[in-house]
Amino acid sequence: MAEQVRFHLEKMLPELEDLEQKGVFTKLEIRDIVKRRTDHEYAIHRRIGRRADFLKYIEYEINLDRLRKKRKLRLGLDMSQEEQSNPLEGSKLLGFTLSDYSLTRRVNALYQKALKKFAGDVELWVLYFDWAKSMGSSAVLGRSFARAIQLHPTNPSMYILAAQYEFQDNNNMTSARVLMQRGLRFNKEAKSLWHEYLKLELLWTEKIKERRRILFGEGKLNGEDAAAAIAESKKRKLEEDKESNEEDTGVHLDEEVGKDGETQPESTLEIDPAIDVSNDSIAQDPALTMGKELSVIQKAMLELSIPKAIYRNAIKEIPNDLEFRLGFLRLYQTFGSSTLAAQEEVYESLRTDFGSDPLAIGVIAGRHLVGLQVSDSKYPSALKAVVGEYESYLETNPTSAMWTQYTHFLTESLSSVTESNLQRYIFVILSKAYKRAHSLHTCTPAMFIAWSRLHNHDSKAKLDILDQALLEPEHERSGLLWAAKLNETMQSVPEAASIEQVEALVTRALQLVGKPKSSAGESNTSTAAAASKLFDLKTERFEIWKLYLEWATSENGGGANKNEETRVAALERRFRDCLSVQELGGTSVDTAEFEAYIVGVYLDWSFTVGGIERVRSASDRLLSFKQRSTFFLNLVLEFEERHILQGSEGEFGGVGALVEAAKRSMKSLVTPTQLTRLRKLHELVCFSDAGRIDSWIAYISFEMYVARDVKRVTEVHWRANKEVSDNEEFALRYDALRTEA
């Protein structure tokens, strides 16, 4: 390895001497460059190489080249605009030498080494492509894209990047098409590839149309001028072809050969006549589409025959994906009214294949509003057309999903319009829709809640709607509806009556929500489905608990006008019920997030009403019947620190505040009893998740600054080294802690 490093360093000598002679870098800076390069060379030549080492080396060289350019410009060694127009003369005057291109060449060589070693790293290929584009390395890019595609034939992004390069940088639509079609041949179900191919064809068509608008639009050119423009276009194409013969910058893929030895067709799309014609260079030559008269083939291409063919083939390969088809529709819509005929083909396929899907029906009905703003004069009539289509669908298919789609559309429309008459019209239509859905028993809990929100300024109307929903047997156990009613009751009823009313509602809700209704068919339900249903019910039940406890612990809630002792005792019982094993379901992972939230509220409330003694009592009781999480133990530790700092400084700055305060204080902030309790809590935290570095660092910081026990610091550090998940990171953080001390 040392010989390889020395060999590469010796090759750098002419370049470094050149930089020193020009005065770009001093002798001391050259020495530092050599040192850094030596370190990087040893890193990339180690037996087990790492991608990160190559990237660090590349980043260093790129930054060094930027510095070189800035120094060169400041010293007046860079070419002026006139000299750039005559680079040969400029290079003679300013001494264009090895160091002006050697750094770029080195970065390219480093990328090539990295790609050879990590050929399967797609992200590394993309980084290289971006760098090569920024440097204008066209010839290198073409070869690299071809190599990347050969190594990653099933990665759609490689074909997309290569096709974009050919179309945007090389102006070679033929090659871009070949790349897309080759990609689709290997990746028939790659949705992004189908979408990008359609986008490519739309961009090409738009480009040709724009050229024709310039030539034959308003301010038309006469026949001689048009002929001259076409001749100029052909001449430019010949020059481009000549240049490409001198230095080919395109992406060239090897032909695919089948088992019989014959060349395979470039694309499975060749069965489609429109795609087959598109591969003919005569049909797609931009120069030949500049004539006033177009051939039948050229007219068809400008009328989007190729994008339509792509869509037809795409839905054959991926037939049952609605979102996939909507992706095509969105692409068409970005190109405006010129794609309306193609959009209609998509709508027709949605009617045929997704005629009963509410989302597809919504998209079909909403086509009348595409491209319109709410301020447009045509918007009201288009809105009525959409409503009419929805109503006709609902006559034959009045399902809950269809009503949900319809009411969601009307709700969004109501929030977007500002004209009062139009708002009133939508409000009436929406109210009727909810009532009809309710009468047909197709109104879901979410729809009832949305219906109630229509009456935001009328609390009685909102509660009436929610009561209607809860009277229906299929919705009486809905946690969403009970939570909505509970929330509205908390906000609307007079304070004097709120405690009894809310308590009664909570009790009733908890009796119903979270307990699946028994039925004859439940025995046939799969275990997975039953578990999923139970989880959903528990989630709804927890939401009711959260709503109630937030209200009960607030200043104006939970019977603030009651006797304080009675109120505290009642709320303590509620907290215990909420955190019981029966309520949480043992040690279920599904309830961890809810439990953490409730514990936080409980301990915070305990600290407020009873200080640290009540927090200790609550935490000891909770620890006695279940092993608690690291979060819980850290929370208890936080309250202990808060109590200590309230007695000394009066303020609490969050987790770790005690350590920060101890750093500033010359005397001990804790009593021996407090020290013992804090140390016990740190032990529990580290035991609960032994691999967690943060816990051990916090423990060491405590012993170092609060307890000021050097022997304990050494002991805890020794134990941590055997437990932590990442010894290297732990060592770095421990060293930083010691340096700070």
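**Entry 1: a word I need first.** I call a residue buried when its relative accessible area is under 20%. I also note that this is a predicted model.

With that cut-off I went to helix α20. I found P358, A360, I361, G362, V363, I364 and A365 buried there. That makes 7 of the 8 residues of α20 (residues 358-365), so the helix is largely enclosed by the rest of the structure. What do the buried residues of α20 pack against? I listed α18 (322-334), α19 (340-353), α21 (379-396) and α22 (400-416). I then checked the N-terminal end of α20, which D357 caps. A side-chain oxygen of D357 lies 2.9 Å from the backbone nitrogen of L359.

**Entry 2: the whole chain.** I stepped back to see the overall picture. How many helices and strands are there in the chain? I counted 37 helices and 0 strands. The chain has 741 residues, and 45% of them count as buried. I looked at contacts between residues at least 6 apart in sequence, and 62% of these join residues at least 24 apart. For the surface, I noted that the chain exposes about 39800 Å², with carbon and sulfur atoms supplying 53% of that area.

**Entry 3: the core.** Next I turned to the largest nonpolar core, which holds 194 residues. Which of its residues touch the most other members? They are Y406, L410, Y548 and L603. Helix α31 (residues 592-624) gives this core its largest share, 12 residues. Leaving out residues up to four places away in sequence, I found Y548 touching M490, V502, E503, V506, L571 and R574.

**Entry 4: aromatic rings.** I searched the whole structure for aromatic pairs and got 21. Why do I call Y128 and W131 stacked? Their ring centres are 6.2 Å apart and their planes are at 25 degrees, so the pair is stacked; the cut-off I applied for stacking is planes under 30 degrees apart. Y128 and W131 both belong to helix α8 (residues 122-135), where they are 3 residues apart, about one turn of the helix. Both of these residues are buried.

I then found Y602 and W605, whose ring centres are 6.5 Å apart with planes at 20 degrees, so that pair is stacked too. Y602 and W605 are 3 residues apart in helix α31, about one helical turn. A reminder to myself: an α-helix has 3.6 residues a turn, so residues three or four places apart point the same way. I noted Y602 as buried, and W605 as well.

I also traced a cluster in which ring pairs link Y111, W125, Y128, F129, W131, F145 and Y165.

**Entry 5: charges over rings.** I looked for charged ends above aromatic faces. R177 lies over the face of W204, 4.9 Å from the ring centre. Likewise, the charged end of K663 sits over the ring of Y705, at 4.9 Å from its centre.

Entry 6: I started with L110, in helix α7 (residues 99-117). Is L110 buried or exposed? Its relative accessibility is 3%, so I marked L110 as buried. Apart from residues up to four places away in sequence, L110 touches I44, F54, Y57, I58 and E61. L110 and E61 are 49 residues apart along the chain, and their C-alpha atoms are separated by 9.6 Å.

Then I moved to R628, in the loop between α31 and α32 (630-648). R628 has a relative accessible area of 7%, so I marked this arginine as buried. Its side chain makes a polar contact with the side chain of E595, at 2.2 Å. A polar atom of the R628 side chain also lies 3.2 Å from the backbone oxygen of L622.

My last stop was G691, in the loop between α34 (672-688) and α35 (693-707). G691 is partly exposed, at 23% relative accessible area. Beyond its neighbours within four places in sequence, G691 is in contact with E723, V724 and S725. I also checked D726, which is 35 residues from G691 in sequence and 8.0 Å away in space, C-alpha to C-alpha.

Technical notes
Residues are numbered from 1 along each chain as its sequence is written. This is a predicted model: local features need pLDDT of at least 70, side-chain atom pairs count only at pLDDT 80 or more; totals for chains, interfaces and linings use all residues. Side-chain values use heavy atoms; hydrogens and water are left out. A nonpolar core is a set of buried Ala, Val, Leu, Ile, Met, Phe, Trp, Tyr and Cys residues joined through side-chain atoms within 4.5 Å. Buried means under 20% relative accessible area, exposed over 50%, partly exposed in between (1.4 Å probe, protein chains only). Helices (H or I, at least four residues) and strands (E, at least two) are DSSP runs, numbered from the N terminus. Contact means heavy atoms within 4.5 Å. Rings of Phe, Tyr and Trp (its six-membered ring) pair if their centres lie within 6.5 Å; planes under 30 degrees apart count as stacked, over 60 as edge-to-face and the rest as tilted. A charge sits over a ring if NZ of Lys or CZ of Arg is within 6 Å of the ring centre and within 35 degrees of the ring normal. A polar contact is a pair of N or O atoms within 3.5 Å; within protein, one must be able to donate a hydrogen and the other to accept it, and residues adjacent in sequence count only if both atoms are side-chain atoms. Accessible areas come from the Shrake-Rupley method with a 1.4 Å probe; for residues, only the protein chains shown count as cover.
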